[in-house]
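I am opening a notebook on a structure I have not looked at before. I will write down what I look up, entry by entry.

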Amino acid sequence: MASNAAVPFWRAAGMTYITYTNLCANLVRQCLKEPYKSEALNREKVHYSVSRWVDGKPEKQTLRSDIPE
Amino acid sequence: MIWRRQLSSDLPAETVGDSKFNDAWKKLIPNMDPPKTPSAYMSPRPPTPSTIPSKLTVNLVLPYESVLAAKEVDMVIVPATTGQMGVLPGHVATIAELKPGILSVHEGNDITKYFLSGGFAFVHANSVADIIAVEATPLDQIDPTLVQKGLADFQQKLNSASTDVEKAEAQIGVDVHSALNAALTG
């Protein structure tokens, strides 16, 4: 068993399989026709809220992904 | 809140699983039930039927949808990284990594094609094929102008890429768009 078997080019560049597959899927989604394209891109939207905590208290600035849109 | 405690008379006497482990446990600690081992939670490998079934059962699943669920078909051709692989009933158990390409499902005289963005195909000994992909679209939902534009963009990015990561991303873009192109024209 060759432990140094030829790695795929994306792994050699430091990308993980998940990043690679998600990138491929995103490229396919960008190439769809109109109603399907916006449905697919909307389906994959992620909403999050990030806050940094310092000394046990949250800092004032909270980043939220849904506000700017 | 009342917690209903299971009476010891309700529980089965033996926990199913590794018999050697259970015997060794009972010798050492006869008063406690042996814990379950991982093999007790696994369902057994599906048996290989003695005669080859006439139809292949296909499951095509995406993270958000089950496109084909236990559909009986005659053959599927999956886009494995090693090339297009045809799967017939009675195929040897295989695990194949998929590259972006066309999955064709053959049922009688009908052929349904889906473009897969990548994933895996598991063929089990009992003629069940599980295909998991992140995106699967019928070919008529793909826009040819966007594909051509994307291909040209990424080819240009590949020529002007400097770091390894940029090159890899550009190469992935070129691969996916060429596969989309081939799917639309082939």
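**Entry 1: what kind of model**

I note at the start that this is a predicted model. I keep that in mind for each value I write down.

**Entry 2: chain A in outline**

I looked up the elements of chain A and found three helices and two strands. Read from the N terminus, their order is α-α-α-β-β. Chain A has 69 residues, and 22% of them count as buried. I took the accessible surface of chain A next: about 5500 Å², with 55% of that area belonging to carbon and sulfur atoms. I also checked how far contacts in chain A reach along the sequence. Of the contacts between residues at least 6 apart, 3% join residues at least 24 apart.

**Entry 3: two helices of chain A**

At what angle do helix H2 and helix H3 of chain A pack? I find about 145°, and the axes are 9 Å apart. Helix H2 of chain A covers residues 17-30, and helix H3 of chain A covers residues 34-43. From H2(A), the residues in this contact are A:Asn26, A:Arg29 and A:Gln30. They meet A:Lys37, A:Ala40 and A:Leu41 of H3(A). Sorted by class, the contact of H2(A) with H3(A) holds two nonpolar, two polar and two charged residues.

**Entry 4: a surface patch**

I followed up A:Val50, which sits in strand S1 of chain A, residues 49-54. A:Val50 counts as partly exposed because its relative accessibility is 39%.

**Entry 5: a salt bridge between chains**

How many salt bridges does the structure hold over all chains? The count is six. A:Arg29 forms a salt bridge with B:Glu135, and the closest N and O atoms are 2.4 Å apart. The pair joins two chains, because A:Arg29 lies in helix H2 of chain A and B:Glu135 lies in the loop between strands S9 (128-133) and S10 (136-138) of chain B. Are A:Arg29 and B:Glu135 buried or exposed? Both residues are buried.

**Entry 6: salt bridges within chain B**

I next looked at B:Glu107 and B:Lys55, whose side chains meet in a salt bridge at 3.2 Å, N to O. B:Glu107 is in strand S6 (residues 101-107) of chain B and B:Lys55 is in the loop between helix H2 (38-41) and strand S1 (56-61) of chain B, so this pair ties together parts 52 residues apart in sequence. B:Glu107 is partly exposed, with a relative accessible area of 24%. B:Lys55 also counts as partly exposed, at 26% relative accessibility.

Another pair is B:Lys149 and B:Asp153, with a salt bridge of 3.8 Å, N to O. These two residues are separated by about one helical turn, because they are four residues apart in helix H3 (residues 144-160) of chain B. B:Lys149 is exposed at a relative accessible area of 53%, whereas B:Asp153 is partly exposed at 34%.

I then noted a network: salt bridges that share partners join B:Lys55, B:Lys71, B:Asp74 and B:Glu107.

**Entry 7: positive phi values**

I went through the backbone angles with one reminder: most residues other than glycine have a negative phi. B:Ala70 has a positive phi, near 55°. B:Ala70 is found in strand S2 (residues 66-73) of chain B, and B:Ala70 is partly exposed with a relative accessible area of 48%.

B:Ser127 has a positive phi too, near 60°. B:Ser127 lies in the loop between strand S8 (119-123) and S9 of chain B. At 1% relative accessibility, B:Ser127 counts as buried.

**Entry 8: what B:Thr57 touches**

Which residues does B:Thr57 touch, not counting residues up to four places away in sequence? My list reads B:Ala70, B:Lys71, B:Glu72, B:Ser127, B:Val128 and B:Ala129. The list includes B:Ala70 and B:Ser127 from the previous entry. B:Thr57 has its place in strand S1 of chain B. I put B:Thr57 down as buried, because its relative accessibility of 17% is under 20%.

Notes. Residues are numbered from 1 along each chain as its sequence is written. Chains are lettered from A and ligands numbered from 1 in the order in which they are written. This is a predicted model: local features need pLDDT of at least 70, side-chain atom pairs count only at pLDDT 80 or more; totals for chains, interfaces and linings use all residues. Side-chain values use heavy atoms; hydrogens and water are left out. Axes are lines fitted to C-alpha atoms, for helices over the stretch in contact, and angles run from 0 to 180 degrees between N-to-C directions. Contact means heavy atoms within 4.5 Å. Ala, Val, Leu, Ile, Met, Phe, Trp, Tyr, Cys and Pro count as nonpolar, Asp, Glu, Lys and Arg as charged, and the others, Gly among them, as polar. Buried means under 20% relative accessible area, exposed over 50%, partly exposed in between (1.4 Å probe, protein chains only). Accessible areas come from the Shrake-Rupley method with a 1.4 Å probe; for residues, only the protein chains shown count as cover. A salt bridge is a side-chain nitrogen of Lys or Arg within 4 Å of a carboxyl oxygen of Asp or Glu.
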